Amino acid sequence: MSPSAPHHDDRAPVAGGSEVVATGGVRALARGVLAVRWAVLAWMFALAVIGVVEGRDLAVAVTVVAVVAAWVGWLTVAQPRFTPVVLTADLLVAGGLVVVGARFGWLATVYPVTAALAWGATRGIVGGIVAGGVLGLISVSAGALISTDGPAQSLQVLRDPVYFALAGGGMGFVATLLENSAAQVRAAQAEQVRATEAAARMTERESLGRQIHDSVLQALALVHKRGRELAGRAQVDGAEVGRLADLAAAQERALRTMILRPPDVTGDDGRHASLRERLERAVAAVDGHVTAAVTSTGDIRLPAGHVHEIGAAVDQALQNVVRHAHASRAWVFAEVDGDDVVVDVRDDGTGFDFDEAALRAAGKYGLLRSIGGRVEDLGGRLRIDTAPGRGTELELRVPVPAPVGQEDDG
């Protein structure tokens, strides 16, 4: 990950050929820059009104305010990705305002610095400094060729390049810190998932070991002891050998049942089922396509209808991972949170730009209908956390109409 190039809601090449993805913090910075644009635009409008009242050029005031208002309005309504084309256009608008400010000092504002801030927020330290440098060069050139003010104005023009570069580079530094912090948080979350999975598997192993020790191993020890005793006798009682054979056969059946127990075994009343076993079945269906594992805080038992619908939703989520995510690993985690059961499906794939309204408008609402619809039918809700380049997390939160049964893994 390049430390100097976070960017907004899109993948984009940066220096060295690396690519990064904006975090929520970086996107918040971009929204903050947009708020600054509106505040400065309001100040520009006030300056234009004052200038016109004082007899300044009305056409210049109207044209400048209209152009900047149209650009800021489009950025607000369209919410475009900050691609190189959009950033370049933003820099041109800012540069044009620098030139106008050099000629008509009464219209000069700090609006041009918002372009440097936008470059810093979306392209990191280097991008912010470059944009600030371009604006500074325009400012110096315009001051030398256009402005006729005295030495004080010239001194201010000389300060502008440093001002613009510091603003853009400072914003880039903050954006880089946010991106690096988000990467560390994601790494810590992945490590926590691995640790939880390892602990759950260790618990399973210990539980299975206790069951084998309590039944199979004790029976085998008895068979071994009685077999040795029978081998030392001159005559062997056939009935005794038959009893040992029956004991061995019974333990074979018990061990086979323990290892090969079928999924979706219902509870004693036939109305509840094991969510853990249903999720294991969903993971088994994608085995060979992606490395997946199930972690559960105990053997959660729910009404059979809930288990069926949640399992079907997880089936669809894992199929999406296989077909679209280009992931190598996926994790399924289930736990009871108060009166809700929460199932997380995560992958380390490419992620995507989630826009619910756009998906519905394009008719691509399989994710919302197949997964979200099932969860909503159970009175729950689906949360989707994704962005291009950092994988996807689906959180299925479903309220349980009756107390959830939990047993130790085994």
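**Note on the strands, helices and a salt bridge of this predicted model**

1. Strand β4 (residues 329–337) and strand β5 (residues 340–347) run antiparallel and are joined by 8 bridges. Here strands and helices are DSSP runs, numbered from the N terminus (strands: E, at least two residues; helices: H or I, at least four), and two strands pair if DSSP finds at least two bridges between them. The structure is a predicted model, in which local features need pLDDT of at least 70 and side-chain atom pairs count only at pLDDT 80 or more, while totals for chains, interfaces and linings use all residues. Residues are numbered from 1 along each chain as its sequence is written, and side-chain values use heavy atoms, with hydrogens and water left out.

2. Two positions illustrate the pairing of β4 with β5. V336 lies opposite V341 of β5, and F333 has D344 in β5 as its bridge partner. The two strands form a hairpin with 2 residues between them. In the turn, G338 has a positive phi of about 65 degrees.

3. Strand β4 also pairs with β2, in the parallel sense and over 6 bridges. In that pairing, A293 stands opposite W331 in β4.

4. Which strands make up the open sheet, and in what order? The sheet has 5 strands in the order β2-β4-β5-β7-β6, and its pairing is mixed. The edges are held by β2 (291–296) and β6 (381–386), each with a single partner strand, so one side of each is left without a neighbour in the sheet. On average, neighbouring strands of this sheet are turned by 15 degrees against each other, direction ignored.

5. Two helices pack on the sheet. Helix α7 (residues 275–285) touches β2, β4 and β5, and its direction makes about 175 degrees with that of β2. Helix α8 (residues 304–325) touches β4, β5 and β7 (392–399), and its direction makes about 15 degrees with that of β5. Contact means heavy atoms within 4.5 Å; axes are lines fitted to C-alpha atoms, for helices over the stretch in contact, and angles run from 0 to 180 degrees between N-to-C directions.

6. Helices α7 and α8 also pack against each other, at an angle of about 25 degrees and with their axes 9 Å apart. That angle makes α7 roughly parallel to α8 (under 35 degrees counts as roughly parallel, over 145 as roughly antiparallel, 65 to 115 as roughly perpendicular and the rest as oblique). Their crossing is right-handed; a crossing is right-handed if the near helix is turned clockwise from the far one by less than a right angle, and left-handed if anticlockwise. Among the residues that meet are L275 and R278 in α7 and V307 and D315 in α8. The contact residues divide into 9 nonpolar, 1 polar and 2 charged (Ala, Val, Leu, Ile, Met, Phe, Trp, Tyr, Cys and Pro count as nonpolar, Asp, Glu, Lys and Arg as charged, and the others, Gly among them, as polar).

7. How do the axes of helix α2 (residues 58–78) and α3 cross? They come within 11 Å and cross at roughly 160 degrees, and α2 and α3 are therefore roughly antiparallel to each other. The crossing is left-handed. From α2, V64, V68, W71, W74 and L75 meet V86, A89, D90, V93, L97 and V100 of α3. The residues of this contact divide into 10 nonpolar, no polar and 1 charged.

8. Helix α3 (residues 84–103) packs with helix α4 (residues 113–145) as well, at an angle of about 30 degrees and with axes 9 Å apart. The two are therefore roughly parallel to each other, and α3 passes α4 in a right-handed crossing. The residues of this contact comprise 15 nonpolar, 6 polar and 2 charged.

9. The whole structure contains 13 salt bridges (a side-chain nitrogen of Lys or Arg within 4 Å of a carboxyl oxygen of Asp or Glu). Between E191 and R194, which form a salt bridge, the closest N and O atoms are 2.7 Å apart. Because E191 and R194 are 3 residues apart in helix α5 (residues 151–231), about one helical turn separates them.
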